[in-house]
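Welcome! Take a look at the structure below, and then we will walk through it together.

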Amino acid sequence: MALDAATRTIVRDGIAVGVATGAYGISFGAISVASGLDVWQSCALSLLVFTGASQFALVGVIGSGGNPMLGALSGLLLGTRNTLYGLKVAPMVEWPGRRRAAAAHILIDESTAMTLTRTTRAHARAGFLSTGLSVFVLWNLATLAGAIAGDSLGDPRTYGLDAAVGGAFLGLLWPRLDSVRNRVAALLGAALALSLVPVTPAGVPVLAAGVVAFGLGLIGREEVAAS
Amino acid sequence: MIWLAVLVCGVGCYLLKLAGMSVPDRVLEHPVLRRTADLLPVVLLAALVAVQVLVTKGPDGPALGIDARLAGLGAACVALVLRAPFIVVVLVAALTAALLRL
């Protein structure tokens with residue numbers, strides 16, 4: 001099937017997003033091995049989990065000495081946002097059964113963003129697939145490269161890789177700080193987590209901060225209605 | 001244990017994606033559920049920033065402490081205000097901390 005001009009543009013944009021996003025897979029790979037995972041575990045994370053924030057969360061908890069399963073739980077909680085994306089993407093791409101099951105793996109921030117702006121099913125599919133697949137390929141290659149590079153660096157603190165983790169999380173958080181409600185939620189979550197650090201095992205404070213989301217979700221009715 | 005965590009997180013995250021692609025949109029019509037789901041990434045990422053930057057491994061377990069990582073975060077903040085791309089933000093944070101430790 002020959003692609004029309006609009007579809008070609010969509011595919012080109014999707015690949016561009018993939019290249020840009022894939023590039024920071026290098027930082028994930030390097031941070032992952034600095035946190036105590038080996039190269040294979042880092043690559044398995046990018047292949048199997050394939051959603052950046054959850055992967056950073058898991059290695060972050062392990063790096064701070066927390067139980068790896070608490071890291072997995074933090075990653076799962078962050079992964080719930082992909083469920084929300086799926087609710088919006090599914091009616092646009094309209095894939096049946098097995099194709100939908102395959103497409104679900106590349107349902108992430110970027111593929112969602114490049115799908116929701118389309119007006120036809122064909123264009124939505126083109127945006128979703130070109131972005132999702134190019135991010136997948138480049139993210140995984142970059143993870144491998146970053147993990148091998150990180151492995152040969154020696155003490156990660158010398159290169160500030162421990163500080164890079166905080167920078168990475170801030171970079172992921174930044175675009176979400178676009179409303180007063182979200183800024184308040186962020187401050188409360190950070191404060192609650194820090195207050196729990198001296199009295200709970202590593203990994204628990206971050207999970208416990210999730211309570212703030214539920215608390216604000218319960219009382220936030222008026223604010224959402226007003227916006 | 002790390003391998004088990006990788007597998008659990010991988011399978012779980014895939015099922016969360018598949019659920020979103022498979023269940024009808026109505027499921028999230030409940031406003032409390034929708035707001036909680038919206039706020040969850042914000043709260044968790046903020047908590048992760050705080051914990052990654054301000055927690056050190058003390059003799060009796062994790063403790064709060066300030067070191068070069070906080071300067072790295074400050075530099076990352078400046079980079080974000082200047083609309084730097086993600087990879088630059090991460091590099092700036094690392095580089096700042098590394099230079100301070102020389």
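How many aromatic pairs does the structure hold over all chains? This is a predicted model, and over all its chains there are six aromatic pairs. Two of them are set side by side here.

| Pair | Centre to centre | Angle between planes | Arrangement |
|---|---|---|---|
| A:F50 and A:F136 | 4.8 Å | 80° | edge-to-face |
| A:F56 and A:F169 | 6.1 Å | 70° | edge-to-face |

Each pair links distant parts of the chain. A:F50 sits in the loop between helix 3 and helix 4 of chain A, while A:F136 belongs to helix 8 (residues 121-151), 86 residues apart.

One aromatic cluster brings together A:F28, A:F56, A:W139, A:F169 and B:F86.

Now for the interface of the two chains. Here 95 residues of chain A are in contact with 65 residues of chain B. Together the chains bury about 7,000 Å², with 79% of it on carbon and sulfur atoms. The rule finds one salt bridge across this interface: A:D162 pairs with B:R101, and their closest N and O atoms are 2.8 Å apart. Between the chains there are also nine residue pairs in polar contact. On the side of chain A that touches chain B, helix 5 of chain A gives the largest share, 19 residues. By class, that side has 59 nonpolar, 29 polar and seven charged residues.

Conventions. Residues are numbered from 1 along each chain as its sequence is written. Chains are lettered from A and ligands numbered from 1 in the order in which they are written. This is a predicted model: local features need pLDDT of at least 70, side-chain atom pairs count only at pLDDT 80 or more; totals for chains, interfaces and linings use all residues. Side-chain values use heavy atoms; hydrogens and water are left out. Contact means heavy atoms within 4.5 Å. Buried area is the accessible area (1.4 Å probe) that two parts lose on being put together, summed over both. A salt bridge is a side-chain nitrogen of Lys or Arg within 4 Å of a carboxyl oxygen of Asp or Glu. A polar contact is a pair of N or O atoms within 3.5 Å; within protein, one must be able to donate a hydrogen and the other to accept it, and residues adjacent in sequence count only if both atoms are side-chain atoms. Helices (H or I, at least four residues) and strands (E, at least two) are DSSP runs, numbered from the N terminus. Ala, Val, Leu, Ile, Met, Phe, Trp, Tyr, Cys and Pro count as nonpolar, Asp, Glu, Lys and Arg as charged, and the others, Gly among them, as polar. Rings of Phe, Tyr and Trp (its six-membered ring) pair if their centres lie within 6.5 Å; planes under 30 degrees apart count as stacked, over 60 as edge-to-face and the rest as tilted.
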